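Reader: I'm new to this structure. Could you walk me through how to read it?
Author: Gladly; let's look at it together.

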Number of protein chains: 2
Amino acid sequence: MTETLTKVLDKVNSPDDVKKLSVEEMYTLADEMRSAIIKKVNTTGGHFGPNLGMVEATIALHYVFNSPVDKIVFDVSHQCYPHKILTGRKEGFLNPDLYLKYTGYTAPEETDHDQFKVGHTSTSISLATGLAKGRDLVGGKENVIAVIGDGSLTGGEALEGLNIGATLGSNLIIIVNDNDQSIAPNQGGICEHLTKLRNSNGEYKDNLFKSFGYEYHYIDEGHDIQKLIDLFNRVKDTDHPVVIHMHTIKGKGFEPAEKDREPFHWIVPGELDRLNEEKQPYVDYGTLTADYIEKKVNEGLPIIAMSPATPAVSGFFPPFRERVGKHYIDLGIAEQHAVAMASGIAKRGGKPVLAVMSSFIQRAYDQLSQDLALNKTPATILIFWGGITGADATHLTTFDIPLISNIPNLVYLCPTNKSEYLRMLDWSVNQNEYPVVIRVPMVGLDSEEVDSTDYSVLNKFKVTQKGEKVAILGLGNSFDLAKKVQSKLKENGINPTLINPIYATGLDKDLLESLKSDHKLVITIEDGELDGGFGEKVTRFYGTSEMKVLNYGSFKEFTDRTPMDELEKRYRLTPELISEDVRNILK
Amino acid sequence: MTETLTKVLDKVNSPDDVKKLSVEEMYTLADEMRSAIIKKVNTTGGHFGPNLGMVEATIALHYVFNSPVDKIVFDVSHQCYPHKILTGRKEGFLNPDLYLKYTGYTAPEETDHDQFKVGHTSTSISLATGLAKGRDLVGGKENVIAVIGDGSLTGGEALEGLNIGATLGSNLIIIVNDNDQSIAPNQGGICEHLTKLRNSNGEYKDNLFKSFGYEYHYIDEGHDIQKLIDLFNRVKDTDHPVVIHMHTIKGKGFEPAEKDREPFHWIVPGELDRLNEEKQPYVDYGTLTADYIEKKVNEGLPIIAMSPATPAVSGFFPPFRERVGKHYIDLGIAEQHAVAMASGIAKRGGKPVLAVMSSFIQRAYDQLSQDLALNKTPATILIFWGGITGADATHLTTFDIPLISNIPNLVYLCPTNKSEYLRMLDWSVNQNEYPVVIRVPMVGLDSEEVDSTDYSVLNKFKVTQKGEKVAILGLGNSFDLAKKVQSKLKENGINPTLINPIYATGLDKDLLESLKSDHKLVITIEDGELDGGFGEKVTRFYGTSEMKVLNYGSFKEFTDRTPMDELEKRYRLTPELISEDVRNILK
């Protein structure tokens with residue numbers, strides 16, 4: 001990477017400084033911002049393509065509008081780096097020592113130029129409609145602008161917002177940033193419609209936005225700063241809802257990203273330095289999942305891999321998609337639809353395997369409950385990346401156990417390693433009794449074969465070592481820690497019982513009852529929130545007995561890029577701290 | 001009500017019998033079905049307008065298509081009574097002794113003609129898309145038909161389904177039953193667009209359905225059986241996705257319901273016999289809420305009453321709506337958007353009060369977490385009708401405490417009576433620190449004034465009577481039962497402590513700690529699911545102490561029209577059963 005020149009950027013510390021620039025200087029500014037973003041993201045990892053696509057439009061926005069009086073809401077906010085650079089936070093993109101100072105998303109605690117903490121998609125129109133309605137109630141006059149990608153438009157909340165925003169009767173500017181790409185290629189009728197609008201320079205009949213009632217403007221030159229300024233000036237201070245349909249290029253200014261947009265949506269540190277190296281094949285829980293499904297497709301099973309627009313997470317890469325053909329479907333960013341459709345497929349005898357990230361399954365609570373659990377359709381839902389991490393507050397993955405495990409009829413399996421996972425997946429796909437959710441492990445990729453277990457015998461825990469006095473239940477990912485606690489306690493002369501509970505959705509009451517005879521303390525460890533989680537169910541079971549119970553997991557809180565070692569201390573999730581607690585209680 | 005004649009209906013026991021009728025006979029059949037529905041619903045209560053509007057279309061559907069091989073999915077399924085009558089369940093509409101035999105919704109356990117148990121809106125297209133995709137995977141050839149109302153189209157999941165259904169590439173028939181009305185009048189751009197389509201006989205440009213990519217047919221005569229048959233025959237066995245936009249009249253055939261559609265969406269038993277009686281004014285938690293908001297509007301507060309298309313539940317009746325003007329908004333059936341918009345309004349200084357039914361708040365878990373709680377915007381969300389009831393499985397209201405109380409940052413208040421509710425509402429609307437959810441009580445309408453409490457001091461429980469040995473925590477609605485348990489125990493020589501926890505989202509740890517000195521047993525009672533609920537948090541607190549804890553609430557299960565007395569026995573939710581448990585434990 002070459003050194004970043006910041007001739008114009010040096011002068012820009014706020015949107016006011018942008019307003020002083022000539023268009024020529026703004027193009028220089030765009031180049032400088034783009035270089036800074038490329039260098040920074042290649043160092044820290046982060047969203048790449050979405051930010052490169054929004055550089056010129058963000059400059060034009062801040063030239064025309066008056067943030068923070070005028071309010072800009074970025075959808076998902078994974079395209080907000082240019083905005084961050086122009087609103088007093090450029091040091092976070094220029095000074096490597098400060099690269100991690102600011103979050104990768106909008107964050108009101110950083111500046112008044114950010115309206116909301118956002119990291120899930122399709123919320124910007126609703127939030128902006130709220131800001132606009134609030135403005136109208138308190139008597140304000142400012143512009144409210146939502147910036148939303150074409151991918152995010154496929155999420156139901158965006159369409160609900162579009163519906164209500166249309167009849168707001170006052171200022172609301174929705175900028176549809178159409179780069180013809182979600183994380184993966186876009187899916188569905190809306191995407192095909194946007195293509196027709198682009199290909200007709202916005203003239204195609206049956207205009208979706210006009211059908212909702214919006215004034216509609218198309219701009220093909222989403223990187224032409226002068227044209228953007230002219231258009232933004234035209235709609236500024238409008239007294240009614242307007243949609244600007246803006247065509248941009250995802251990854252603009254970095255050729256490999258422009259050409260191949262899916263892998264450059266988000267990159268890992270150093271990824272740009274390895275472009276010419278041949279990609280090494282690797283095995284993770286995603287590729288294992290894709291391999292399993294492909295095998296079943298080849299065996300003639302009516303199985304189908306489903307993804308709500310995050311296929312890479314579950315190993316559903318383009319070559320896999322090509323090979324399995326109709327046995328794969330991308331549903332757009334539409335977790336609600338995805339769960340309901342999976343239920344429908346299962347009802348008709350298909351074998352849906354829907355892979356969703358832990359943080360995003362939250363969108364589909366009602367569908368998990370009503371469309372899936374209540375109807376007992378034998379669909380398989382895979383939850384990826386569930387667990388305690390140092391993630392951004394918008395992408396925490398600690399809530400899926402409380403979310404899912406308290407819904408009746410669901411079977412939520414928490415495998416502890418690869419073999420167990422694959423066995424559960426195979427069981428789930430081949431049974432017709434239960435809606436099954438599996439929390440794909442984050443550990444145990446190198447595990448050896450486990451004993452055969454019939455998962456149809458629901459809520460049967462597995463005792464992997466019988467001991468006395470203390471029993472340790474380590475759910476899913478946490479079984480590893482449970483084993484370490486066991487070792488630690490052995491060092492201290494205690495020989496605990498070790499249990500793999502397997503199920504997050506029910507208790508092995510016979511086993512728990514039997515522990516009363518020779519155990520004084522039961523410990524539960526789960527890789528997620530304590531409140532509403534697995535451990536509390538065990539504690540309730542023992543509520544009126546002499547058994548003491550101690551639950552480990554994360555607290556009910558939004559952590560925000562908190563380092564794992566800090567979290568482990570806070571939650572006492574180390575063998576040392578847990579065995580210390582145990583010894584204190586046994587005293 | 002006159003006697004129902006069933007000359008044609010007598011001959012119809014299945015869809016096959018419909019196929020044998022002449023069109024003239026089908027009209028007679030329609031009259032007979034309509035009479036039966038009016039009489040039955042006026043006896044039992046139930047959905048009225050939606051069913052009357054679908055009589056002719058349902059006859060035509062079963063004449064043309066071949067259910068259950070062809071599969072019809074009814075959205076919400078509150079319009080499925082005509083379908084039930086034609087698919088072997090007419091006794092449930094003709095024989096008063098069997099009026100309660102069948103549920104008010106589609107129910108696969110009753111017949112193969114019903115595909116899913118459904119009672120929440122906007123799911124039909126997604127479910128039908130799943131059935132169609134399943135068919136394509138296993139190699140079937142049948143028609144898949146979704147019947148969805150215009151109101152349900154405003155829900156995001158419907159639009160997600162519309163997006164993916166459009167590119168399915170095989171048979172899918174979506175019938176949009178447009179009666180120009182949700183429960184209340186429709187809201188938003190889609191509604192206005194449908195009006196333009198109706199007024200232009202389907203010719204209006206910028207056609208929403210065509211923009212998604214559907215073949216589109218408009219039929220204005222949704223009660224003309226011959227025309228319906230002709231159109232259904234045209235699209236039958238189509239090899240691509242089709243939308244039929246069908247205009248019907250909600251409440252068709254019952255004049256008062258045709259004229260005034262909102263109050264006749266759902267009627268209570270005997271309502272039709274009292275049409276000429278003057279409506280008596282009444283007070284419930286809805287009218288109290290509306291009155292409070294109107295008072296604040298008149299005081300100049302930038303407050304706004306918000307409803308996701310269920311305004312009557314919260315007292316937001318037409319006269320209130322007219323009087324408060326811009327201080328009321330109906331958001332369509334769009335809980336996700338509603339919560340996010342409320343957050344936006346609060347962020348801009350407005351005072352949103354969003355009223356949602358317990359069963360439907362499930363749609364907005366992610367928005368409660370991300371848009372509201374994470375952003376700590378001081379919006380007020382009111383949960384109506386939360387508690388254990390004998391409702392249909394699709395409308396249970398036992399899950400909101402686990403759903404809401406495990407989300408960080410939220411304050412979930414559970415008032416025990418009217419005075420407490422109004423005080424909490426007033427506190428919430430006038431503070432700027434917390435996102436607040438209030439579980440509107442189902443009890444205590446005749447309560448006297450409570451002491452002044454500062455709800456800003458979070459998680460401070462209220463001891464209403466100090467006793468010893470046993471402490472009873474009665475949350476919200478359950479405080480009444482807690483008081484009765486207290487009395488019962490006093491009869492048995494035990495003088496328990498009685499506590500109103502007020503907050504479902506946190507523990508008064510000082511108080512709980514202090515109980516250890518002179519109490520042996522803590523009882524929690526909550527009006528909802530035990531798993532993930534309030535009581536388990538108390539039990540976890542005492543996990544390693546000598547305190548015994550017993551939690552009362554409902555089990556993790558979908559009950560289905562189970563009588564309350566049966567549920568009270570099952571869950572041991574009576575003063576007698578609980579005091580029996582207490583005495584056994586204290587022995």
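**Reading the sheet and the helices**

Author: Helix α18 (residues 418-430) of chain A lies across β8, β10, β11, β12 and β13 of chain A, and runs at about 165° to β13(A). This is a predicted model, where local features need pLDDT of at least 70 and side-chain atom pairs count only at pLDDT 80 or more, while totals for chains, interfaces and linings use all residues. Residues are numbered from 1 along each chain as its sequence is written, with chains lettered from A and ligands numbered from 1 in the order in which they are written.

Reader: How are helices, strands and angles defined?
Author: Helices (H or I, at least four residues) and strands (E, at least two) are DSSP runs, numbered from the N terminus. Axes are lines fitted to C-alpha atoms, for helices over the stretch in contact, and angles run from 0 to 180 degrees between N-to-C directions. Contact means C-beta atoms, placed from the backbone, within 7 Å.

Reader: What is the order of the six strands in the open sheet of chain A?
Author: Strands of a sheet pair through backbone hydrogen bonds, either parallel or antiparallel. Here the order is β9-β8-β10-β11-β13-β12, with parallel pairing; two strands pair if DSSP finds at least two bridges between them. At the edges, β9 (328-330) and β12 (411-413) of chain A each pair on one side only. On average, neighbouring strands are turned by 20° against each other, direction ignored.

Reader: Over how many bridges do β11 and β13 of chain A pair?
Author: Four, in the parallel sense. I383(A) stands opposite R439(A) in β13(A).

How values were computed: Contact = placed C-beta atoms within 7 Å.
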